[in-house]
Amino acid sequence: MSYHYEPYSREYMASGTQHKNRKVMPKGIIFHTMGRSFINKIRNELVQAGYIEEQLDNFTIDEHAAKRLNERPYLAGWMIGQTGLVFKLEEDQKKTLHAGSLKKSVYKKDNWRDWGRPLGGLGWMKHGRDPHRVYDWFDAWFGREFNPSKDFDWGRFPNQCIGIDLVPDQQGKYTLNQMSGAVDLVEYLVTEHNIPMDEYHIVTHGMAAPCERGTVMRRGKCIGVDWDPGRHWDHGRFLYEQLEIDNK
Ligand SMILES: [Zn+2]
């Protein structure tokens, strides 16, 4: 069965960067955000171009964000705006640079958690916290034995996945329309590329590269905080309620 899917516009595709053809078809899907600073920059550019800040609408912002994203050396293949519109920025058979390869020296070991560098290197020692516990969130999601470079189908190379960039608002939040857009897009992509519809193949950048995730001190504890797509993207709700994947 072929699944017809038409993104908002194709005119943005591949104007800015050259990408290599994939040797293998995409092995998963990784969600990202370009962050609030990017969106503030987009808003500022629109104001410079004559828009009135208070009257900026999501459609104008989404369109400008898609154009700007497409000029960057690092971009995901797809973007979902605050409107919920889905923008295609690159063909899926092209490998874009959206999630760097995992360092062999870090993830190849079963004790990779010891090698994580929250707070910019050995920060967890200062707080007297067992480094393993900084990864509570990761263990809760995948299980303690799960090793990103061994257990994901893409191994050390998350760029073997298709990237989807979510446009945040100025508070880093997402809209319900955006979540619906993400449901449509993921359903299309898994059908198109035979990607298993589960929590091991539809992940966030934070999950795909957990050592890069940050930590903060909260009530005297050093804990892991999400960084991409940020704490306002509820990935569990997306998978189990919106996509209706069976919760393990
Ligand atoms: Zn990312």
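User: What makes E6 largely enclosed by the rest of the structure?

Analyst: Happy to start there. A residue is called buried if 20 or more other C-beta atoms lie within 10 Å of its own, exposed if 12 or fewer, and partly exposed in between, with C-beta atoms placed from the backbone. In strand E6 (162-166), 5 of the 5 residues are buried, so E6 is largely enclosed by the rest of the structure. Ile162, Ile164 and Leu166 point one way from E6, while Gly163 and Asp165 point the other way. Helices (H or I, at least four residues) and strands (E, at least two) are DSSP runs, numbered from the N terminus.

A word on the ground rules: this is a predicted model, in which local features need pLDDT of at least 70, side-chain atom pairs count only at pLDDT 80 or more, and totals for chains, interfaces and linings use all residues. Residues are numbered from 1 along each chain as its sequence is written.

User: Which strands pair with E6 in the parallel sense?

Analyst: Two strands pair if DSSP finds at least two bridges between them. E2 and E6 pair in the parallel sense over 5 bridges, with Ile162 of E6 as the bridge partner of Ile29. E3 and E6 also run parallel, joined by 3 bridges, and there Leu166 of E6 is the bridge partner of Ile80.

User: How do you know that both faces of E2 are covered?

Analyst: Ile29, Phe31 and Thr33 on one side and Ile30 and His32 on the other are all buried. That makes 5 of 5 residues in E2 buried, and E2 counts as mostly covered. E2 is also joined to E7 by 3 bridges, running parallel, and the partner of Ile30 in E7 is Val203.

User: What is the largest nonpolar core, and which residues touch the most other members?

Analyst: A nonpolar core is a set of buried Ala, Val, Leu, Ile, Met, Phe, Trp, Tyr and Cys residues joined through C-beta atoms within 7 Å. The largest one here has 44 residues, and Ile29, Trp78, Met79, Ile80 and Ile164 touch the most other members. Helix H8 (residues 176-193) supplies the largest share of this core, 5 residues.

User: Which residues is Ile80 in contact with, leaving aside its neighbours within four places in sequence?

Analyst: Contact needs C-beta atoms, placed from the backbone, that lie within 7 Å. By that test Ile80 is in contact with Val86, Ile164, Leu166, Val167, Gln178, Gly181, Ala182 and Leu185. Across the protein, 71% of the contacts with a separation of 6 or more are between residues 24 or more positions apart.

User: How do you know which residues lie on the same side of H8?

Analyst: The buried residues of H8 are Gln178, Gly181, Ala182, Leu185, Val186, Leu189 and Val190. They cover an arc of only 155° around the axis, which puts them on the same side of H8; the arc is that of the directions from the helix axis to the C-beta atoms. An α-helix has 3.6 residues a turn, so residues three or four places apart point the same way. The buried residues of H8 pack against several elements, including E2, E3, E4, E6 and E7.

User: What is the phi of Asn194, and where is Asn194 found?

Analyst: Phi of Asn194 is near 55°, a positive value in a residue other than glycine. Most residues other than glycine have a negative phi. Asn194 is found in the loop between H8 and E7. Asn194 is exposed, because 9 other C-beta atoms lie within 10 Å.

User: What about Glu244: buried or exposed?

Analyst: Glu244 has 10 C-beta neighbours inside 10 Å, and therefore counts as exposed. Glu244 lies in the segment after H10 and has a positive phi of about 60° although it is not a glycine.

User: Finally, where is confidence lowest and where is it highest?

Analyst: pLDDT is the predictor's confidence in each residue, from 0 to 100. Confidence is lowest in helix H5 (residues 123-126), at a mean of 49, and highest in strand E7 (residues 202-204), at 97. The protein has a mean pLDDT of 84, and 81% of its residues reach 70 or more. Where pLDDT is low, the predicted coordinates should not be read in detail.

Terms used:
Contact = placed C-beta atoms within 7 Å.
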